[in-house]
Amino acid sequence: LIDKNRPKRYKVQIWGKAAIGLYLWEHIFEGPWREGEIDFTPSVSTQAQGHVPLDTDRVVLVLNGQEQQKIPCATRWLQHIQTLMWVDAVNCLAVVLLGSKRCTKGWISIYLRRHGVFVVLLFLVYGSPWVNDKDVFQWPVGVATYRQFPVVTANSQMVNSTRPFLCNFLGTETAKSLRRYQTALAQSELTLCPVEIYMDSVPVVEDIVTPGGCSAAHSSPLRLLKAAGALFIFLKDYKELPGLLEKEKGMSQEERTERRRLLEWYSSFHLQMKDRFPNFLAEFLVNFQSFSY
């Protein structure tokens, strides 16, 4: 007999056309993965429209809309999905979008279901006044996967070692300077220009509202990290930095060791995102009715 009360399983295919798709798949989901009522499978990001094998009518599309020159490619993929919907090949679409640091991403609004179109869920990297935790959610920027940062597990030496430098300040690194950057993190208590969570060096982040469409409220680009209890030091102005460094000089080794829980926090943050993403999808899929044009 078939149990009619058994939850229905949904198969969701992830199409990635941005590096954050690798972060979603390799760092958050850690490869082929099943959660609750959803089976997730990936698709190769280099395939062109019309050549992606489709074995489900539910798709998560990962797009890069951060720069103006990336938007035409993103819109072509959305239009391709729209074509598939016309022939009932796809019935439900969620989008993970790497948006602008200025929170300006109005170009995608014409595709949202709230405006009568077909994107039922939108996960936005960086902030936006659209974020409402109902159909638009904030999503972490993740890591620069193309720079091949290693996955690091905290150990007692990393946590308890005395570090020779109070802080480091290195700009966005190239492949050539990656080892130098990793060494600086391992030898510093604080990182003043963080590009990666690594070696339990505490990031110092300027907590300001960037120009554009961002706001200091729920749509702040740092909101997600703060809500997750990120072990960062947030400064409203870098004029506060001399006072912070002076305070840091007075900390004991025991106090510094106690604070080095960044990698533990990041692991917990991964788990939160790993639960958050499929839970929102599952809620929509259970109640979703195919959109008709």
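In what order do the four strands of the open sheet run, and is their pairing parallel or antiparallel? The order is 8-9-10-11, and the pairing is parallel.

## About the model

This is a predicted model, with local features requiring pLDDT of at least 70 and side-chain atom pairs pLDDT 80 or more, while totals for chains, interfaces and linings use all residues. Residues are numbered from 1 along each chain as its sequence is written, and side-chain values use heavy atoms, leaving out hydrogens and water.

## The open sheet

Strand 8 (165-168) and strand 11 (233-235) form the edges, each pairing on one side only. Here strands are DSSP runs of E, at least two residues long, and helices are runs of H or I of at least four, numbered from the N terminus; two strands pair if DSSP finds at least two bridges between them. From one strand to the next, the twist averages 25°.

Three parallel bridges join strand 8 to strand 9 (residues 188-191), and Phe165 sits opposite Ser188 of strand 9. Helix 4 (residues 178-186) packs on the sheet and touches both strand 8 and strand 9. Its direction makes about 115° with that of strand 9 (axes are fitted to C-alpha atoms, for helices over the stretch in contact; angles run from 0 to 180 degrees between N-to-C directions).

## The largest core

Now to the largest nonpolar core: it has 36 residues, and Val96, Trp139 and Phe277 have the most contacts inside it. Such a core is a set of buried Ala, Val, Leu, Ile, Met, Phe, Trp, Tyr and Cys residues joined through side-chain atoms within 4.5 Å, where buried means under 20% relative accessible area (1.4 Å probe, protein chains only). Helix 8 gives the largest share, eight residues.

Conventions
Contact = heavy atoms within 4.5 Å. Buried < 20%, exposed > 50% of the residue type's maximum accessible area, 1.4 Å probe, protein only.
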